[in-house]
Amino acid sequence: MILAISVVIAVVFASGAFLVLQRDLLRVVVGIVLISNSAILFIIAAGLSRGSAPIYPIDEGAVSDPLVQAMALTALVIGSSVAALLLAVVYRLYVSHGSIDIEEIFRMEMREAEELESMNKTELDPEEEEVADERKLEKEEPR
Amino acid sequence: MSAPINNTTSILTQTVAKLLLLPTFVAAFAILVKGYAQPGDGFSAGVVASLGVLLQYLVLGRREAERLVTVRNAPTIAGAGLLLSLSVAVVPLFLGDPVLTHYPRPGEDVVYLGTLELITPVLFDLGIFFLVFGFAVGAIGAFARTISEQEEYAGPGTEQLEDDT
Amino acid sequence: MTPPATLMVLLPLVLALLAAPAAMLAGVYRPRLAAPVGTAFAALAFSATALAWWKGGGAVNVAWAPTWDLRFHVALDGLAALYALLATGVGFLVLVYSSRYLPLHLGHGDRPESEGTRFYGHMLLFMGAMVGLAMAQDLVLLFLFWDLTAIASYYLIAFDRHDAEARAAALMALLVTGVTAVLLLIGALILYSAYGTFSVPELAELVEPGPLLNAAGLLIAVAALAKSAQVPLHFWLPRAMAAPTPVSAYLHSAAMVAAGVLLLGRVYPLLQESRILLDTLLVVGLLSMAVGGVLALTQDVLKQLLAYSTISQYGYVVFLYGLGGEYGAVGAAFYVIAHALAKCALFLTAGAVTEETGEDRLSELGGLRKPLPLLAAASGAASAGLAALPLTIGFFKDELLFGAALARGPLFAGAAVLGAALTLAYAWRFWAGIFLGERRDGASNPPAALVWPVVALGGLVLLGGLWVEPFARLAEAAGEVIYDAPASIEPAYHLDLRPENLMALATFVLGALLIFSRPVWVGAARGVAWVGGKVGPERLYESSIEGLNRFSDRIHRAEVRDLRSRVAAILLPAGVLVGLGILVTPTDGVYRAGEVGWHDVPLLLALVAVTLATLASTLTRRHVTLALVFSSAGYVLAALYAFLGAPDVALVAVLIETLVTLLFIATLKLIPYKVLHRQAELPLRLTRRKVYISVVAGAFAFAVAWGTLSQPAAESSTAEELIALAPEAHAKDVVTVILADFRGLDTLGEITVVALVLLGVVTLLRGGRLR
């Protein structure tokens, strides 16, 4: 049984790692969810005892380890909120860059950074730049 | 999840969805207060209740769902929940006990209301319930709002789908 | 202590701390109300402080976080009363002034009136923090209020946030005072580790001279000196003049900069145990007197002149601390009062003049005594006070200074005379430059609220010159706290040839010489200022900030360049390290396959299903299918938990899986099909590298999981204990009781994360389209 569960933990972890390495950001999110799933399975499996649920009235015989369950619950909750946050980040990236491909997004970022740098070299210092941008924004806001 | 489904759902589905909201809350409440005796706690109760709200979004559309007081105030509810749990944790400090001491202390008698035990962990769980409910409803609402805003961008032909039923 | 007495001590602090929220609330309701409400609170806090001080003060000392030995220990002793009265009294006058000045200031920038609410909020927060700082007796409490003043000043200096100069100045002030504030905390911790208490009065009895005290005292002193803008950490103060004038006035006279010398006074009982520390203060004070005084003579912008003058004036105070003794301690306290009154009046004068004429340079101003006679008279009194002329409170501050310097030796007496002469020269330059000479610019009738606070302060300066008793008694009380022993001074006019009087005369002569010989030395002084600007500490600050920025840019670039390689770069070494750990661990008979019984069949089936679902998720191309596949894996896992005797986990897992899947599908709906399709159409690129990395990762995960599961570190867990304890906690479900009770703090942390995530999600989604 230990062997079987270990194999499953490893498979889930490896699949998650594989997805995290993809270009598609949504797949990366799924990969992270899978990795956290494997971690939770690991925590649950690390319980020292296995048996009936740890709820009174408790019968004679083995009771499942309640401590790991509490930890797994915490991990589940955090994992799910992180997934929600990541999804929102992916959406945000799509809005700002029009893509959910990490390589495309990166290329755009680099281009932008280079443009900024070349502007800095030729023009004023960055602080004034920023102010000018802000003024522009302020003007646009009323619309 | 969004308005267009509105027109495709039948009156029957809509009525059932509306009717189901209250029982969902009752079920969530039961999960919450019986958490100390049976599986379930503030967290699962919060998710169950938010799934009830999600059903409203799916079947009735955003406009209808946002009429619910709970939906409009989701972040406030979450904040209130966090505050409640925090205060349950902090209040014992003022009574000279360590943080997060629960009352009644071990060995003391519990006040019962029917079969419901009146103990501070339930209050703590209630805070978690509000927080999780606020979180889930707030996240769902944020996604739904963004979706329908995008559809409004899409141009004419979609407006009538946004109409209230 | 009886409850009414406790209340009496706490009332000033409570009123001062309540002022900011009260003004903010009033401002949200009606922007016009923020100023009167804030001013009223300042007046109340001032009266409460005065009343409590008159009734004899007192202390409140209660345990705050007993496990960390933190105590909420505040006291209204002489030192606290002095600074709290200054903070609330000067604050009151500055707020009255602001009520007229701020609408004009906002009007110049076409800014809404509601921005004033922010101003009053931060100003009053500043005041509250100062009162707290004055009263705090515990080093950690002191540190908290200390940082609160830094935060408030940051917002106030950057009040004109459209102005890049103001933002940079605010950041500079925050960095210089904030980074050095950490030194204060480190110093406090050193003292705590040696003596086991954070309380200053207790420490004063315990400390012994030695390297430990030197180190801790030096750290605390550096924090205080940076706050008081002493050389070489003075450069932030002139830059901070970008703030609106009332802020500068308050910052210089009664708040931020005064906080530094307040801290020095508070920990003085510790500092005076160490000769080295006092000598350091002496040197720093002398340097600041010289640098500030010389640079003040070269400045053309009114507020810059005053800023450098503040540096030199607090240099005197630090110098007095360094001289030590009865006269040094009382003199430092008295000096702060005299300086606060005079300097605040001069700043408010500068603000009123600039507001009336639109000019802020001495070279553009002049002859304003005719259109503004009242202002000229009042600020003349204040300038005389700063210059230590007789019949002003300033005369006595220099009398004390000379007395203390004389006691130390002729060299120090000479330095004191020289410094005082510089003060006389720049005070004259300021006043004469504005009010005497030819009239350059027309000025109309200024609003009363811009003039009367200056008149009030100027009046106080004169009053102190005629009836010094109340000020001297207050300074004496503060001096006793600083000196940690009874102290008394008798400032008075003596019409004889005692050394102090001779020194004062020498000062006047030297000062007059400086004024009339200006053409001779002005070039040299400008040269000093120029060199200071080129190679001074400000340059060092700027280059280090630039360096840090470049460093962070480089790191960011490297991180962003290839995220997946970064992830791989973390996963691979982690895997290798774990693998090494497995290799070097003796593995004989460690791995156990475990038994499989008939009742485990459903469990095995579920495991097979999970395996298939996750493997399938790596192969699917379309996102909707992906969502279904990974959620099915999650559901089967939930069933698995149920089989393993964990119904709570199973319940939550099912619910979570539903929620996450729905949010995932909602995201799919948000992103156009075209974009998704492009991803789905990407060649599957089962490149060897990715497969290889993930297989290696999986293999190590397997080794770790198998090793850990077959050989648990502990024979028995705390589980049995927890199960046995559950009925004690009035619970039946052990898991829930662990979450809510036994390990409740974990849960508290967890729900905080959830709340933060909600904030993040709502903010990220609400932004809509960028640009």
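Author: The contact between the two chains takes 80 residues from chain A and 93 residues from chain C, where two residues are in contact if their C-beta atoms, placed from the backbone, lie within 7 Å. This is a predicted model, in which local features need pLDDT of at least 70 and side-chain atom pairs count only at pLDDT 80 or more, while totals for chains, interfaces and linings use all residues. Residues are numbered from 1 along each chain as its sequence is written, and chains are lettered from A and ligands numbered from 1 in the order in which they are written.

On the side of chain A that touches chain C, the elements giving two or more residues are α1 (2-20), α2 (25-45), α3 (66-97), α4 (102-122) and α5 (126-140) of chain A; helices (H or I, at least four residues) and strands (E, at least two) are DSSP runs, numbered from the N terminus. The most is given by α3(A), with 24 residues. Sorted by kind, the residues on this side of chain A are 56 nonpolar, 13 polar and eleven charged (Ala, Val, Leu, Ile, Met, Phe, Trp, Tyr, Cys and Pro are nonpolar, Asp, Glu, Lys and Arg charged, and the others, Gly among them, polar).

Because A45(A) has 22 C-beta neighbours inside 10 Å, it counts as buried (20 or more other C-beta atoms within 10 Å of its own make a residue buried, 12 or fewer exposed, and anything in between partly exposed, with C-beta atoms placed from the backbone). Once its neighbours within four places in sequence are left aside, A45(A) is in contact with I5(A) and with L709(C). Along the sequence A45(A) and I5(A) are 40 residues apart, whereas in space they are 7.5 Å apart, C-alpha to C-alpha.

From here we can follow chain C itself, where helix α3 (residues 78-108) and helix α15 (residues 325-357) pack with their axes 11 Å apart, at an angle of about 0 degrees; axes are lines fitted to C-alpha atoms, for helices over the stretch in contact, and angles run from 0 to 180 degrees between N-to-C directions. α3(C) and α15(C) are therefore roughly parallel to each other (under 35 degrees is roughly parallel, over 145 roughly antiparallel, 65 to 115 roughly perpendicular and the rest oblique). Among the residues of α3(C) in this packing are L82(C), Y97(C) and L104(C), and among those of α15(C) are A333(C), C344(C) and E355(C). The contact of α3(C) with α15(C) holds twelve nonpolar residues, one polar and one charged.

With helix α8 (residues 211-227) of chain C, α13(C) packs at an angle of about 25 degrees, the axes being 10 Å apart, so α8(C) and α13(C) are roughly parallel to each other. This contact is made by N214(C), G217(C), L218(C), A221(C) and L225(C) of α8(C), together with I276(C), L277(C), T280(C), L281(C) and V284(C) of α13(C), and its residues divide into seven nonpolar, three polar and no charged.

With helix α22 (residues 518-535) of chain C, by contrast, the axis of α13(C) comes within 9 Å and crosses at roughly 115 degrees; α13(C) and α22(C) are therefore roughly perpendicular to each other. Here V294(C), L295(C), L297(C) and T298(C) of α13(C) meet A525(C), R526(C), V528(C) and A529(C) of α22(C), which gives six nonpolar residues, one polar and one charged.

Chain C also holds strands, and β1 (residues 58-65) and β2(C) pair in the antiparallel sense over seven bridges (two strands pair if DSSP finds at least two bridges between them). G58(C) stands opposite L76(C) in β2(C). The two strands form a hairpin with four residues between them, and D69(C) in the turn has a positive phi of about 60 degrees. Strand β2 (residues 70-76) of chain C is mostly covered, since five of its seven residues are buried.

A last stop is D600(C), in the loop between α24 (563-584) and α25 (601-619) of chain C. With 16 C-beta neighbours inside 10 Å, D600(C) counts as partly exposed. D600(C) and F643(C) lie 43 residues apart in sequence but 8.7 Å apart in space, C-alpha to C-alpha.
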